[in-house]
4 protein chains.
Amino acid sequence: MIIAMQAESTTEEIDNVCQRIRDFGYMPHVIRGEERTVIAAIGHGDKKEHIEQLKSLNGVENAFPILQPFKLVSREVKKQKSEIRVGDIKIGDGGFVVMAGPCSVEGREQIMATAEAVAESGARILRGGAYKPRTSPYDFQGLAEEGLKLLAEARERTGLKIITEVLDTEDVEIVREYADILQVGARNMQNFALLKRLGEVNKPIMLKRGLSATIKEFLLSAEYIVTHGNHEVILCERGIRTFETATRNTLDLAAVPLLNELTHLPVIVDPSHGTGKRSLVRPLARAAVAVGGDGLMTEVHPCPEEAWSDGPQSLRPDEFALLMKEIEPYVNLRQGFVS
Amino acid sequence: MIIAMQAESTTEEIDNVCQRIRDFGYMPHVIRGEERTVIAAIGHGDKKEHIEQLKSLNGVENAFPILQPFKLVSREVKKQKSEIRVGDIKIGDGGFVVMAGPCSVEGREQIMATAEAVAESGARILRGGAYKPRTSPYDFQGLAEEGLKLLAEARERTGLKIITEVLDTEDVEIVREYADILQVGARNMQNFALLKRLGEVNKPIMLKRGLSATIKEFLLSAEYIVTHGNHEVILCERGIRTFETATRNTLDLAAVPLLNELTHLPVIVDPSHGTGKRSLVRPLARAAVAVGGDGLMTEVHPCPEEAWSDGPQSLRPDEFALLMKEIEPYVNLRQGFVS
Amino acid sequence: MIIAMQAESTTEEIDNVCQRIRDFGYMPHVIRGEERTVIAAIGHGDKKEHIEQLKSLNGVENAFPILQPFKLVSREVKKQKSEIRVGDIKIGDGGFVVMAGPCSVEGREQIMATAEAVAESGARILRGGAYKPRTSPYDFQGLAEEGLKLLAEARERTGLKIITEVLDTEDVEIVREYADILQVGARNMQNFALLKRLGEVNKPIMLKRGLSATIKEFLLSAEYIVTHGNHEVILCERGIRTFETATRNTLDLAAVPLLNELTHLPVIVDPSHGTGKRSLVRPLARAAVAVGGDGLMTEVHPCPEEAWSDGPQSLRPDEFALLMKEIEPYVNLRQGFVS
Amino acid sequence: MIIAMQAESTTEEIDNVCQRIRDFGYMPHVIRGEERTVIAAIGHGDKKEHIEQLKSLNGVENAFPILQPFKLVSREVKKQKSEIRVGDIKIGDGGFVVMAGPCSVEGREQIMATAEAVAESGARILRGGAYKPRTSPYDFQGLAEEGLKLLAEARERTGLKIITEVLDTEDVEIVREYADILQVGARNMQNFALLKRLGEVNKPIMLKRGLSATIKEFLLSAEYIVTHGNHEVILCERGIRTFETATRNTLDLAAVPLLNELTHLPVIVDPSHGTGKRSLVRPLARAAVAVGGDGLMTEVHPCPEEAWSDGPQSLRPDEFALLMKEIEPYVNLRQGFVS
């Protein structure tokens with residue numbers, strides 16, 4: 001890490017900083033500039049704790065790390081892209097996997113109709129919420145285990161794999177029983193108790209980026225799951241919160257190639273939450289393929305005007321079929337540039 | 001709620017929207033403007049589900065609520081400010097309560113030294129984390145129950161009440177046993193499973209505003225706790241995430257008088273997390289009194305340069321003593337304007 | 001517009017609001033709900049001035065417009081997409097026009113080398129700054145008229161058209177003399193004096209979105225140019241400022257299809273400023289085609305490690321050639337979905 | 001500056017970076033860590049151009065400055081706070097100066113009534129816009145020179161000094177003739193042509209922080225004015241744009257003590273634009289004193305419900321009188337902590 005001293009720092013203060021650096025197990029290198037002194041601390045780690053303690057010493061203006069704080073998820077540690085297997089589906093192998101379904105499981109008829117429609121159009125994985133994180137306590141909170149059973153039934157009937165959200169450590173066990181992929185929602189991206197528990201699960205986890213999470217924080221949350229034992233992590237870019245109110249969120253598509261540089265984990269794009277507007281989902285789905293994403297998650301409802309949640313961003317089955325047809329040539333094109 | 005039709009919407013589409021409005025139990029009022037038709041739906045609720053479903057109908061451009069989505073926490077429902085009692089301390093009675101202590105409980109010596117120092121300077125409540133939400137899995141995660149016991153011992157010794165964070169539903173029971181106030185951290189503000197469980201606890205909850213939470217979402221999270229049975233909720237403004245990187249967060253002091261208009265719940269200000277910089281804590285503490293806050297939460301460490309977390313924003317005991325001395329005349333002044 | 005009265009508003013207050021609405025030339029419709037009264041004001045305009053004045057009346061809780069504030073640039077006023085002609089180039093006709101060149105014109109050799117390289121790879125328009133908006137007064141401020149002359153010489157030599165930025169009303173005349181398209185930079189998007197002057201110019205204007213400009217504000221700035229007489233406006237999405245620091249800005253690709261819904265003006269994407277990172281430019285360029293953009297602006301420098309500005313986001317000529325090759329099949333694909 | 005090499009950088013790449021550093025006139029210090037090599041470049045400057053060029057070299061992962069980019073406005077260069085004199089008023093001498101008046105000058109009666117009211121309550125400086133930056137071309141654009149004349153007449157009558165905004169280089173001369181302080185609005189904070197021209201003016205300039213300007217950018221804009229010859233610069237915090245929509249902007253009060261650490265220029269707070277809501281202005285004004293501001297700018301209108309702009313955030317004269325009475329004891333208290 002690098003420690004910048006204040007312009008008027010004393011020799012004693014500099015010596016004191018060097019001593020602390022040695023105590024932490026790093027080697028200090030003092031570089032005396034014309035305007036201020038800078039100290040480089042060489043060694044393993046760049047631990048946040050050390051940086052913060054150094055920042056609090058007299059004479060120190062600032063201290064910052066050089067090394068990235070994530071390890072196991074980084075490309076430096078593992079050059080090759082991770083392929084996550086879900087039955088015979090591979091995510092991260094250069095192909096493009098589509099997950100589709102309603103925001104919430106509302107009942108048998110709704111989920112079966114959706115599952116059949118999306119399967120027919122080429123989706124491989126069915127999404128659907130049984131436990132719902134809702135901003136207001138007055139909104140529909142999900143069918144819970146009943147919803148999970150309906151998803152399992154839809155899987156049975158269509159051959160689709162299923163992904164569904166888990167909200168709390170206490171529900172991990174039951175969701176794990178039914179789901180093929182367990183999803184962590186944006187609002188739980190830094191629910192560290194949940195992440196640790198999911199590190200002990202032997203099924204893939206899809207981690208959605210938090211509304212105000214930086215790329216670094218996103219990867220550190222993935223690192224939580226991996227350090228606790230589960231290497232099967234899929235990332236999902238679903239838009240971040242900005243000042244713009246014309247869309248529900250701002251879909252950060254640059255995050256996809258950036259994540260591809262920084263991590264070996266696959267990256268899925270969710271243009272439904274990313275925009276909140278049905279008419280924008282198809283163009284952004286095409287862009288998600290073009291930008292190098294490993295797949296798509298999108299909301300589909302047989303009748304959005306009767307959906308109990310997220311209707312305005314849900315595609316009708318025929319719109320979803322059109323999306324699948326539209327992205328197909330884009331997926332074919334990718335052979336040229338994905339390496 | 002209000003439904004704005006598209007400029008080119010047809011009579012049939014308008015009739016269809018009116019029918020749906022009636023089905024939901026509202027009365028539609030059609031207002032034909034020169035450029036477009038607007039429909040007002042009158043009735044209880046303005047339910048999000050209804051708004052979303054209407055938005056999905058053909059011919060509808062937009063739909064939005066008129067009524068605020070929170071009820072029990074709102075000033076419209078309860079005009080009088082809530083006073084939360086913690087032993088003989090009242091929060092929300094027009095006075096100004098100070099909560100101080102280290103970010104993390106690190107050991108007996110550290111917490112006792114801090115507790116005694118802050119008690120002597122006039123703090124009433126000791127803060128200290130036993131379960132720590134840390135961005136990186138490699139950072140110190142807290143002493144867990146051992147930390148709670150040390151907090152209880154410090155309470156015993158100093159007479160201070162204690163506030164400490166609970167991270168997960170599974171820890172609610174044990175934290176409740178020890179703490180006088182249970183804190184929900186910013187990253188858990190929308191951990192709805194946790195909020196529901198805390199609604200069943202018979203102790204006060206301090207809910208911190210999420211990093212990217214709007215005031216409306218903040219109040220809806222409080223509403224979760226209240227609708228599940230616990231009316232003893234304290235709000236805490238602790239800074240929001242913006243583009244500015246010179247401070248750790250942007251402390252939104254306007255939120256304090258705004259919350260005072262919208263809700264009867266008391267509001268605490270945390271300038272330590274709000275700024276992330278020791279030298280800014282005192283000026284912002286003075287401002288927190290002046291703006292009408294019900295109290296302060298601030299980090300104090302006997303030796304910030306050895307703190308395991310948050311050293312750069314922690315005050316030394318003598319700085320905290322100075323803060324308390326500085327805010328005293330401001331607190332006295334408030335008799336003039338707080339009503 | 002819609003005026004929501006406070007829950008406890010009186011009949012007198014409601015009458016007063018209605019009178020003001022009539023004075024402004026609208027028709028008031030009073031809708032008495034169970035919890036509060038709402039008044040719809042019908043008529044041309046929804047003027048901001050009227051909304052603000054109504055908001056200030058006793059008993060009014062909120063007032064907001066139904067109509068979009070922009071007119072001439074809106075799709076409602078003109079259904080057909082505008083085609084902007086620059087010599088024999090058309091922007092907005094369904095094709096995809098590429099503008100490329102260095103951040104700053106640094107000298108004859110540099111601009112000629114770049115112009116020839118980008119022309120050879122298929123760019124149609126040369127970009128290059130002669131007047132540079134720089135955050136610091138100590139940074140290079142541009143070659144001014146000398147830079148314009150070099151651009152003109154490069155046009156002469158290569159047949160490329162040229163686009164260059166104008167910073168100030170006083171420079172409009174001279175920039176207009178040389179440029180084929182005048183660019184308004186992000187920091188000047190709300191320099192209204194400049195926008196008005198550009199409304200009197202008989203050449204196309206490319207208006208870049210401000211760092212913190214909403215889509216609505218962006219379109220209102222375009223409206224300034226159009227209402228002052230110049231209909232030849234091209235919009236450019238170049239990233240907005242968010243909390244994320246891993247990229248220079250957050251490129252808002254959803255803005256492209258959203259603008260296509262709201263306005264008839266063509267939309268260009270600038271992934272160089274949008275990401276600030278050379279390695280992200282190509283993937284985002286592909287996405288810009290896929291999402292439905294009308295063209296691309298990208299920075300190219302013969303030797304980025306010697307560029308006087310924006311080196312880290314500038315492509316080398318061979319990288320630009322690769323970009324052009326990569327986007328070609330995407331451009332061809334668009335026949336299928338652009339309508 | 002500090003250059004971090006990629007983990008796999010070669011000796012040749014490191015040598016090349018060192019050579020470039022020497023070419024730029026710095027001394028390179030190579031520090032070989034266990035995971036990567038870091039190079040410190042010692043010397044005057046940390047020029048952005050150099051940092052960007054180094055970033056573009058092969059093998060370089062990142063490069064960043066140690067030194068602050070602003071010089072003349074920094075506290076390191078001038079320890080003593082600057083006092084700006086406007087007639088017999090001093091801004092920055094530890095006192096608290098209040099600037100008040102309408103958003104726009106609308107006519108003689110309005111500006112005279114306001115001037116007399118605010119003077120009577122204790123304001124020293126009258127604000128009022130003659131040239132108005134308006135988001136929409138359809139909004140009132142100001143009375144221009146007629147407005148300036150009315151301001152001068154109000155000055156004559158009340159003894160108040162006047163501050164008014166200048167929008168464009170072409171208007172600098174005429175505004176300078178009438179105004180005592182020239183204001184640069186938030187939307188023009190990076191209108192560099194305007195800043196340079198104001199550097200040649202012999203009157204104080206009040207520079208408002210841009211909607212999405214970092215503290216560093218804010219100070220660099222002030223540096224533009226100072227490097228062009230005018231040292232009389234006053235800064236104004238007026239709120240930044242965030243995701244929160246309940247207030248017009250988010251007033252960043254932490255910026256006040258932070259600016260006091262970084263610069264010797266005085267800092268004014270504008271809670272009217274900072275919140276956009278009349279009821280929040282008084283609490284934030286108190287906080288502005290408590291946090292250490294050098295003064296206040298606030299909007300006052302004799303009849304906000306008839307104001308042509310900014311009515312919802314304008315105080316009535318009696319509310320302004322109350323504000324002045326309320327802040328008085330806070331101003332008196334400051335003797336204790338302002339140094």
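In this predicted model, chain B contains an open sheet built from four strands, arranged in the order 2-3-1-4 with antiparallel pairing. Strand 2 (27-32) and strand 4 (60-64) of chain B lie at the edges; each has a single partner strand, so one side of each is left without a neighbour in the sheet. Averaged over the sheet and with direction ignored, neighbouring strands are turned by 20 degrees against each other. Strands of a sheet pair through backbone hydrogen bonds, in either the parallel or the antiparallel sense.

One pairing can be followed in detail. Strand 1 of chain B, residues 2-5, runs antiparallel to strand 4 of chain B, and the two are joined over four bridges. Within this pairing, Ile2(B) has Phe64(B) in strand 4 of chain B as its bridge partner. Strand 1 and strand 4 of chain B are also touched by helix 2 of chain B (residues 48-55), which packs on the sheet. The direction of helix 2 of chain B makes about 170 degrees with that of strand 4 of chain B.

The next topic is the interface between chain A and chain C. Here 36 residues of chain A are in contact with 36 residues of chain C. On the chain A side, at least two residues each come from helix 7 (215-227), helix 8 (255-262), helix 9 (271-275), helix 10 (278-290) and helix 11 (317-333). Helix 10 of chain A gives the most to this side, with eight residues. Sorted by class, the side of chain A that touches chain C has 20 nonpolar, ten polar and six charged residues.

Methods. Residues numbered from 1 in each chain as written. Chains lettered and ligands numbered in written order. Predicted model: local features only at pLDDT ≥ 70, side-chain atom pairs only at ≥ 80, totals over all residues. Pairing = 2+ DSSP bridges. Axes fitted to C-alpha atoms, helices over the stretch in contact; angles between N-to-C directions. Contact = placed C-beta atoms within 7 Å. Nonpolar A, V, L, I, M, F, W, Y, C, P; charged D, E, K, R; others polar.
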